[in-house]
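Notebook open, new model loaded.

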Amino acid sequence: MGGISIAVVIILVLIVIALMLYNNRIHKKIETFNNTNQKIASLNVLQDFMDTLGEGTNVDDKIRKINEILIEKYEIKYSTIVVYDGVEYVIRASNVDQKHWETLRNLQSEEVFKDSVQTATPKYITVETENERLPYQKMEFGRAKCAMFFPLYVDNVYIGYWIIEGSKPHEFDKIDTTILEVVRNNIVSVLRTVGNQKIIENIVRDDQFSGLKSEEYLYGEGRRIIDKYTTSAVCLFRIINLEKINHDINRQTGNAIITEVAKQVAEGLSSDYVFVRYMGPKFAIVFSGIDVNGVGEFMKQIKEKVEAIEVEDPLAPEDAEEVDVASPKLNIVISTYYKGTALEGVTKKLEEYLDQADKNESAINYL
C-alpha cells in the first residue's frame, strides 16, 4: 500500500514539474509574441511619422501630430516634446495642461535629470505611494506618478528632451525601453527634418517693391496650397528689359516697373494661385490645380496687359519738356508640377531656360 502511495506522489510531482515547464514555455511564447507585436507597432508608428512628414502642413502642426501619434499608439497618459530654439527651451508639443508648461520646459535644470542630459541616457523616476510627488513637480500634485525622460541629441549636440508621464506609480516598470529608444531616435530624425522646413518658413520675406512673398514662400506655406491638387501649372516669367531700364534711365524707374507689373498680374489671379517674386527680374506663378493647356491663353492676356504698361521716370523734374518712359517686356515659360515631386526642381528647370534664352526673346514657351 505504501509503495502505491509513493508511486502516486512521484507521478503527481512529475505532473507538476511538467506543468511548470509547459507554463514556462507558454510564458516565453507570450513574451516573444508581445515583443513581436511591439516591434510591429513601432514599425507602424515609424510609418505614421513618415506620413506626417510628407503632409503639407507647417512644422508646428507636424510635431504636434507626431506627439498625438505617440500618445495614441503607446497609450501614454502624458507626452511632451521640448526643444531649444537658440534662445530658450520651448514646448513644441504636449497634451499637458498649459498651467504646467513652465515647469515642463525647464526640466533640464532639475537635479534629477542633470545626469541624464550629461550622459545622453534615459532617466526613469516613480513615486512609491499615491501621496508622494515627483521631484520636479512644484504646485501640481497627483497629475503624474512616474516619468521617463529622454534627452534629444543631434550630431552629439543636446537640443532638448522628450518626457512621458504616467498617472500610476511604477506604470512604466515593464515598458520596453528599447522600443522607446527607437521612438526617441525617430523623434530626433523628425526634428532634424522639420528643422530644415522651419528654416525655409523663417526666411520668407515680403519684397519691398512688388509687395509679393519671396521665392522661399513657394516651398513652405505656398506648397501647402499647391499640394491640395494632384497637378498644377508652374509659370516663370522674366522682365527681359529690366536691366536695360535700370541702366538707361535709372533704378528708380526699374523699381516702379516691378511694382506695376506685380500689381497688374496679381489683379487677375485666384486666391489659390501662388504668385511670388522669384529673384531679380524673375517672377513665379503656380496655378494650383490647373493644366498647362488652360494657362497659355491667360498668360497671353497677361503679357499683352503688362507690356502695355508705361512708367515715367519718377526722378524727372516736374517742368521737364521730355520725360523718359519705360515699358516692360516679358519672356514666359510654363511647365507641369506633380504633387509629391520636387517643386524646386521644376522652378529650377524653368529658371535655367529663362537665363539661357536669347536676351531679346519675348514669347510664351512650354517645357
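I started with a helix pair: the crossing of α8 and α9 is right-handed. This is a predicted model, so I am noting that here. I looked up the geometry next, and α8 (residues 251-266) packs against α9 (residues 296-307) at an angle of about 145°, with the axes 10 Å apart.

Which residues make the contact? On the α8 side I found V261, Q264 and V265, and on the α9 side I302, K305 and V306. Sorted by class, that contact has four nonpolar residues, one polar and one charged.

Then I checked the cores. The largest nonpolar core has 28 residues, and F237, V265, I285 and M299 have the most contacts inside it. At least two residues each come from β7 (231-239), α7 (242-248), α8, β9 (282-288), α9 and β12 (330-338). Helix α8 gives the largest share, five residues.

I clicked on I285 to list its partners. Leaving out residues up to four places away in sequence, I285 touches A233, V234, C235, F237, V265, L269, V274, F275 and M299. Another core lies apart from the largest one; it has 22 residues, including Y74, I81, I159 and F172.

Last, the whole-chain numbers. I count 10 helices and 13 strands in the protein chain. Of its 367 residues, 42% are buried. For contacts with a separation of 6 or more, 63% are between residues 24 or more positions apart. The chain exposes about 20,300 Å², with carbon and sulfur atoms supplying 52% of it.

Methods. Residues numbered from 1 in each chain as written. Predicted model: local features only at pLDDT ≥ 70, side-chain atom pairs only at ≥ 80, totals over all residues. Heavy atoms only, no water. Axes fitted to C-alpha atoms, helices over the stretch in contact; angles between N-to-C directions. Helix = DSSP H or I, 4+ residues; strand = E, 2+ residues; numbered from the N terminus. Left-handed = near helix turned anticlockwise from the far one by under 90°. Contact = heavy atoms within 4.5 Å. Nonpolar A, V, L, I, M, F, W, Y, C, P; charged D, E, K, R; others polar. Core = buried A, V, L, I, M, F, W, Y, C linked by side-chain atoms within 4.5 Å. Buried < 20%, exposed > 50% of the residue type's maximum accessible area, 1.4 Å probe, protein only. Areas by Shrake-Rupley, 256 points an atom, 1.4 Å probe, with all protein chains shown as cover.
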